[in-house]
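Here is a quick tour for anyone opening this structure for the first time. Have the sequence and the 3D view side by side as you read.

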Amino acid sequence: GMPSLPPPVLAPRRKTRKIKVGKVEVGGDAPISVQSMCTTPTTDINATLQQIAELTASGCDIVRVACPSQDDAEALPAIARKSQIPVIADIHFQPKYVFAAIDAGCAAVRVNPGNIRKFDDQVKQIAAAAKDAGVSIRIGVNAGSLDPRLLEKHGKATAEALVESAVWEASLFEEHDFHDFKISVKHNDPVVMVKAYEMLSERGDWPLHLGVTEAGPAFQGTIKSATAFGALLSKGIGDTIRVSLSAPPVEEVKVGNQILQSLNLKPRKLEIVSCPSCGRAQVDVYKLADEVTAGLEGMTVPLRVAVMGCVVNGPGEAREADLGVASGNGKGQIFVKGEVVKTVPESQIVETLIEEAMRIAEEMGEP
Ligand code: SF4
């Protein structure tokens, strides 16, 4: 057949240097990775590994765990060893846990310079230990814990203040010839956050970890993150992303992957093309779309499924998709690759679509 062109993207990726977080490459031409963070106590090794397994299954590439105490630090070796994906230890306040995490076999360590006392004096030792172990670092600047000196200078956590902090910390690592780090400059306001990352991307070729911090509950946080990441990714800025939601971390991963898929920065998987419904609808489109989505959850092959309420746009969209239904008069016309394969009563639309989807997926090599 015809060679298929790669899907269009909004901008070429900005060229950043590539680092490694365990087996996952970040920056350069590496695919943009999706991260999340465990909500389990790190000391509960089994619960944490269970959550990491769920995150891995939902498409998480890298996971972070908090390390606020010695007991947490002692749990890190088992977690790092048994996790299927690279583990980053998240360290605030106590530099000794940075060294513990490196010794524990974590793939990377996140440090927050604003929250580590006398951080500047410790950079040399941290850089040396990380380099010896092949561990990378994230310099994680956060509006809520900005270096007090910069807070005083700028009055508040402005984009300029976040960038100044990040560039300063980066220079400290670079002075010690350590380059295996990425940077984040998170703020809860998407506008400030976007400005900060735009400015930071002009200042160096560091790989950037995108995040809107404290983005809120699922609905608000999803939109804040999608808006901010979209603005940056559409300019080629961003090498790894973390959506922060006050919701289970699996939801963060789903949202992150959906953002990347929407921008063609990751191959699309299951895509439901469903209409919003209107006064012409002759079936319950919401219910149909929800039931089809639920029935096909977990499908790993790219499949476009159209669920349309009536015959206005229905047949057209259903024909464009791999599979679809256009409804009318209590019946559904089921389309596969543009051909009507059968017409079924409304009550059988969902089961028929799922059956057909499974059959197509099998042909496409779904395990
Ligand atoms: Fe309305 Fe039909 Fe369009 Fe759905 S496909 S929004 S029911 S006109």
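## A loop residue with positive phi

Asp177 sits in the loop between α6 (159-175) and β8 (181-186); helices (H or I, at least four residues) and strands (E, at least two) are DSSP runs, numbered from the N terminus. This is a predicted model, where local features need pLDDT of at least 70 and side-chain atom pairs count only at pLDDT 80 or more, while totals for chains, interfaces and linings use all residues. Residues are numbered from 1 along each chain as its sequence is written, and side-chain values use heavy atoms, with hydrogens and water left out.

Most residues other than glycine have a negative phi. Asp177, though, has a phi near 55°, a positive value. With a relative accessible area of 47%, Asp177 is partly exposed (buried means under 20%, exposed over 50%, partly exposed in between, using a 1.4 Å probe and protein chains only). Lys337, in the loop between β14 and β15, also has a positive phi, near 45°.

## A five-stranded sheet

Now look at the open sheet, with its five strands in the order β11-β12-β13-β14-β15 and mixed pairing. Two strands pair if DSSP finds at least two bridges between them. The edges belong to β11 (270-274) and β15 (339-345); each has a single partner strand, so one side of each is left without a neighbour in the sheet. From one strand to the next, the twist averages 20°.

Inside the sheet, β12 (residues 303-308) runs parallel to β13 (residues 323-328), and four bridges pair them. Val307 has Val325 in β13 as its bridge partner. Helix α10 (residues 285-295) packs on the sheet and touches β11, β12 and β13, where contact means heavy atoms within 4.5 Å.

## Salt bridges

How many salt bridges does a search of the whole structure find? The count is 22, each being a side-chain nitrogen of Lys or Arg within 4 Å of a carboxyl oxygen of Asp or Glu. One of them links Arg110 and Asp90, whose closest N and O atoms are 3.1 Å apart. Arg110 lies in strand β6 (residues 108-116) and Asp90 in strand β5 (residues 87-93), so the pair ties together parts that are 20 residues apart in sequence. Both Arg110 and Asp90 are buried.

Lys337 turns up again here, in a salt bridge with Asp322 (3.0 Å, N to O). Asp322 counts as buried, at 17% relative accessibility. There's also a network: salt bridges that share partners join Lys342, Glu356, Arg359 and Glu363.

Key
Axes fitted to C-alpha atoms, helices over the stretch in contact; angles between N-to-C directions.
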